[in-house]
Amino acid sequence: MSQSTIESILQEKRLFDPPTEFAKSARIKSMAEYQQLYDRAAADPQAFWAELAAQELHWFKPWDTVLDWRPPFAKWFVGGKINLSYNCLDRHLTTWRRNKAALIWEGEPGDTRTLTYAQLHREVCQIANVLKDLGVKKGDRVGIYMPMIPEAAIAMLACARIGAPHTVVFGGFSAEALRDRLVDAQAKLVITADGGFRKDKTVPLKEAVDQALVNNGAPSVENVLVVERTRQTIHMEPGRDHWWHARQAEASADCPAEPMDSEDMLFILYTSGTTGKPKGVVHTTGGYNLYAHITLKWALDIQDTDVYWCTADVGWITGHSYIVYGPLSNGATSLMYEGAPRPSNPGCFWDVVEKYGVNIFYTAPTAIRAFIKMGEHLPKARDLSSLRLLGTVGEPINPEAWMWYHEVIGGGRCPIVDTWWQTETGGFMITPLPGAIATKPGSATRPFPGILADVVDLDGNSVADNEGGYLVIKHPWPSMMRTVYGDDDRFRRTYWEHIPPQEGQYFYFAGDGARRDEDGYFWVMGRIDDVLTVAGHRLGTMEIESALVSHPAVAEAAVVGRKDEVKGEDVFAFVTLEGSYTPNTELKEALKQHVVKEIGALARPGEIRFADALPKTRSGKIIRRFLRNLASGEELVGDASTMEDQSVLEKLREGA
């Protein structure tokens, strides 16, 4: 986040009270009600979560112990038996929701589909049986690499139904990135599609799967299940590849949900880290189900009559928690859209809002900034009067974008729920409850009830109001990640060892800088480590650097983030070349394409600057703060006395 953005946030004083009419029918109706919930949860977190778990979810067997906390490892609702697919589907079938729309889907070319809870249940059971027929057993991992089509949600729910943890890989990732995740998770089966539609292009997903599996690239994968979406010509490997529709047509619609232990693994979702290898974030069943359910219910104020649209992709945690599991557990109507604003229809989001009468709209600040650049005429040409609540996710939102969103999209009448959370947290951690908490542009406001958040120094001491510090969570919560898949030590190091325990108090280290103002509102200032947030998606600098160095022309690379009006941050790479290569425009483009091939289009550097050398300490560590200054065109700040060769900086500046 740039210094000018931070300064504008520090000076932000506007306050927007919950609209009176909204608050009357909200799930949580007043600040007093929020405070009562928060205080009760803080006084006895286990009793608070146990009461909600009993009220909100179906259990095959009650738990024996609410929380088994052996820092940093937590187990919630120990001994309880539950199934997330059952909570999302079966329990609604004996109510009026049986024939209610569960999923409304709009494809990019304009094709549509609506699945009621009864219809969705039938298809999930069929695909669950297909998975079993293909040898998938409880505990086997399943890779999902799909476009935004109903079959993506069906695949996730089918895995949950039979107890096969899924790992969903975003369809924009490359074959190499997909392979790495399949290998790490030891996936037994992959579910994909021939392709998908995205921004007026056809994305060749099956081709990427074939590349990932070539030469036994992921030896654990035995079968591939393929949805026919784009009807493009693809290779189907005999004995390995199976058409979804053909197998589904033969499958029984009777598949009882497997009673799962509350702590059985539900999914692995890979997120970028500061080292080259992505982290496999492990989430388990019972606690995650409860937290995704209750945060959606209270923070996005979901009502039975709402049409709710989260614009994320199921390849990210937002899609897991707030397109599939949270909405369906609540019996809500969740809208899925395959497309995105694109040259042929830049106003497509507003077309969808108008067409389906969307009531709750949840998107990223990156998208909002793109909407601003496209112009007010696009939303103003549509009827957006159905909207009653707006949300933001993925990164801090600057006050100017917040105000535009409030006025142009929300017509000044819709509360804005600015949510702070992470893949690792499973659900919203700091967020307004829109009927209760007054909002400030740029602030995620207050912690969700049951979340004990603080801003501390590196010794774990709370900092004063309006002082910067490190955002931490001081008590376990139900949907917290359980570990890094296959690497408990990395889990400890990454999240629990930055700040030492104090008198038995452990600190979950979020990796974000923050401040808390005099009203107790949290202002998240962005990442403090070497993870970039590009268009709301986290990318590890080491992962991009590794991709660059894998090109034969590159001797060394350093990647930093540079502020971007639309994407939030853009990738800026400094590269030194092997001796026989000459810096030129063609090589620069080739390196950008190489990163796309290795990781995906999201990681494509916006700028590459060639250098004879990179600024390093005498011990050989790259001094990134100077590179960030250079990338953003700022004056160099900080002590340069530890630098091995101070002339390197001057040459880099001249090279600009």
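Buried, as used in these legends, means under 20% relative accessible area, with exposed set at over 50% and partly exposed in between (1.4 Å probe, protein chains only). The model is predicted, so that local features need pLDDT of at least 70 and side-chain atom pairs count only at pLDDT 80 or more, while totals for chains, interfaces and linings use all residues. Residues are numbered from 1 along each chain as its sequence is written, and side-chain values use heavy atoms, with hydrogens and water left out.

**View 1. The whole protein.** The protein holds 21 helices and 30 strands, taken as DSSP runs numbered from the N terminus (helices H or I of at least four residues, strands E of at least two). Its C-alpha trace spans about 75 × 65 × 55 Å along the principal axes, and buried residues make up 62% of the 656 residues. With contact meaning heavy atoms within 4.5 Å, residues 24 or more positions apart account for 71% of the contacts with a separation of 6 or more.

**View 2. The tilted pair of Trp63 and Phe77.** The structure holds 38 aromatic pairs, where rings of Phe, Tyr and Trp (its six-membered ring) pair if their centres lie within 6.5 Å, and planes under 30 degrees apart count as stacked, over 60 as edge-to-face and the rest as tilted. Trp63 and Phe77 form a tilted pair, 5.0 Å centre to centre with 55° between the planes. This pair links distant parts of the chain, since Trp63 lies in the loop between α4 (45–56) and β1 (65–70) and Phe77 in strand β2 (residues 73–78), 14 residues apart. Trp63 is buried at a relative accessible area of 19%, and Phe77 is likewise buried, at 0%.

**View 3. The stacked pair of Tyr495 and Tyr508.** Tyr495 and Tyr508 form a stacked aromatic pair, with 5.6 Å centre to centre and 10° between the planes. Tyr495 belongs to helix α17 (residues 488–495) and Tyr508 to strand β24 (residues 508–516), so the pair links distant parts of the chain, 13 residues apart. Tyr495 counts as buried at 3% relative accessibility, as does Tyr508 at 1%.

**View 4. Charges over aromatic rings.** A charge sits over a ring if NZ of Lys or CZ of Arg is within 6 Å of the ring centre and within 35 degrees of the ring normal. Arg181 lies over the face of Phe173, at 4.6 Å from the ring centre, and the charged end of Lys440 sits over the ring of Tyr521, 4.5 Å from its centre.
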